[in-house]
There are 2 protein chains.
Amino acid sequence: MSSGTIYGVGLGPGDPDLMSVRADRLLRTARHVAFFRKPGRSGQARKIVEGVISTDAVEFPMEYPVTTEIPLSDPRYNALLSEFYEDCAQHLKALAERGEDVVVLCEGDPFFYGSFMHLYNRLRENIQVEVVPAITGMSGAWTATGDPITWGDDILTVLAATLPEEVLAQQMAQTDALVVMKIGRNIDKVVRALKTAGMYERAWIVEYAQMPNQTVCKLSENCPDFTPYFSIILVHGQGRRP
Amino acid sequence: MSSGTIYGVGLGPGDPDLMSVRADRLLRTARHVAFFRKPGRSGQARKIVEGVISTDAVEFPMEYPVTTEIPLSDPRYNALLSEFYEDCAQHLKALAERGEDVVVLCEGDPFFYGSFMHLYNRLRENIQVEVVPAITGMSGAWTATGDPITWGDDILTVLAATLPEEVLAQQMAQTDALVVMKIGRNIDKVVRALKTAGMYERAWIVEYAQMPNQTVCKLSENCPDFTPYFSIILVHGQGRRP
């Protein structure tokens with residue numbers, strides 16, 4: 001019996017209509033579907049494929065043992081997550097060794113800050129793994145603003161809001177166009193860094209890009225309440241435009 | 001009679017299977033299809049949709065009056081391109097005013113260094129324009145290398161190879177992960193900047209990402225002849241990975 005394949009399938013920003021043709025086909029025919037979620041939640045990735053995957057598919061939710069309860073700097077964080085990814089990888093490996101193909105759902109693009117990468121690195125030596133790229137959340141977000149992100153020779157910098165404030169501000173001051181991911185509890189720090197870098201007035205925040213509950217707002221215009229966890233902050237480049 | 005809509009449809013990196021479900025549907029039903037190309041060429045965007053768009057579709061090739069014959073810094077460059085984009089926009093506007101929908105083919109993502117943006121800015125005030133985001137060429141390229149581009153808090157910087165060498169080197173020295181677009185004639189300059197920044201040994205070049213003629217090569221390993229025009233240079237981030 002030949003081994004199965006693990007597919008890391010990017011779902012794009014959240015609208016099933018923005019999944020790739022290949023992702024759509026793999027999902028509709030998948031017998032095994034694995035996805036990450038927080039305990040007690042249905043999971044954003046799983047929500048996106050509701051109505052796309054078969055009701056007969058065997059689902060394997062992979063529940064993070066920790067998200068923001070322990071700081072990233074605590075060694076227990078890495079140890080817990082490492083054990084978790086190892087367990088998940090072993091489960092997927094066992095399925096593949098039984099000849100089963102498994103689709104792993106990935107929000108956005110699998111190789112761009114994705115949790116799937118941690119499974120991929122644990123499986124790639126022993127198992128056939130295929131990665132299906134996807135529209136990034138940031139593409140979904142800049143499209144939602146109705147303005148192009150980069151023109152001509154614009155420099156684009158992508159930052160994680162988890163970085164120290166001085167690093168954020170310094171990087172912001174040296175770029176033309178900006179994307180800030182992983183906003184969450186770091187929103188106030190990001191706002192201060194944007195102000196230091198003189199970018200605050202041009203900054204937009206997009207929540208749930210390309211989903212039914214999408215909101216798009218200029219940061220400086222008293223945005224209504226939002227859940228920064230699924231938000232991306234953007235500053236558009238101003239480069240050459242004939 | 002109601003006006004038509006101009007659709008800026010991102011095609012992704014080049015494999016029709018990696019177009020979005022929405023793009024695929026719009027293309028298969030399109031009556032008018034516009035696309036950029038160099039004079040005398042079939043055009044990369046048009047090639048990608050061969051066999052996807054209807055043979056009955058009315059095609060409108062938009063031929064650049066100039067690509068690399070005049071330096072970007074020459075005022076004639078901007079003047080010629082500005083007139084060209086204006087003419088193209090007027091043609092599309094006239095079609096829309098007659099009630100026709102038009103699909104404009106965009107390589108990669110329309111709002112990420114795309115020529116379509118120049119039509120978009122000329123049309124958006126008067127005509128209904130819808131933009132369909134897509135997988136960027138850089139996502140196609142990093143997927144092709146088989147290694148994730150960004151981990152944890154990695155900073156990603158996207159540079160155009162047309163920037164001055166000292167700007168390239170300085171930006172490279174301050175990032176974790178790197179994408180360099182628009183390589184073309186600037187390949188030697190980019191290599192020098194990578195060496196200055198200490199990134200050369202980790203740099204990859206991907207040509208024709210996700211196309212049948214794709215090549216993936218570490219820059220330092222004497223890559224075979226390639227056409228740098230459709231190439232992207234990448235350096236992968238090394239961030240946190242539990």
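**View 1. Gly10(A) stands opposite Cys106(A) of strand S4(A) in this predicted model.** Strand S1 (residues 5-10) and strand S4 (residues 102-106) of chain A pair in the parallel sense, over five bridges. Strands are DSSP runs of E with at least two residues, and helices are runs of H or I with at least four, numbered from the N terminus. Two strands pair if DSSP finds at least two bridges between them. Residues are numbered from 1 along each chain as its sequence is written, with chains lettered from A in the order written. Local features need pLDDT of at least 70 in this predicted model, side-chain atom pairs count only at pLDDT 80 or more, and totals for chains, interfaces and linings use all residues.

**View 2. The open sheet of chain A has five strands, ordered S3-S2-S4-S1-S5.** Its pairing is parallel. Strand S3 (58-63) and strand S5 (128-132) are the edges, each pairing on one side only. From one strand to the next, the twist averages 20°.

**View 3. Helix H1 (residues 21-28) of chain A lies across S1, S4 and S5 of that chain.** H1(A) runs at about 130° to S1(A). Axes are lines fitted to C-alpha atoms, for helices over the stretch in contact; angles run from 0 to 180 degrees between N-to-C directions.

**View 4. Strand S6 (residues 156-160) of chain A joins S6(B) through three bridges.** The two strands run antiparallel. Leu156(A) has Val158(B) as its bridge partner.

**View 5. Chains A and B each give 43 residues to their contact.** Contact means C-beta atoms, placed from the backbone, within 7 Å. On the side of chain B that touches chain A, S6(B) gives the most, with five residues.

Note on methods: Contact = placed C-beta atoms within 7 Å.
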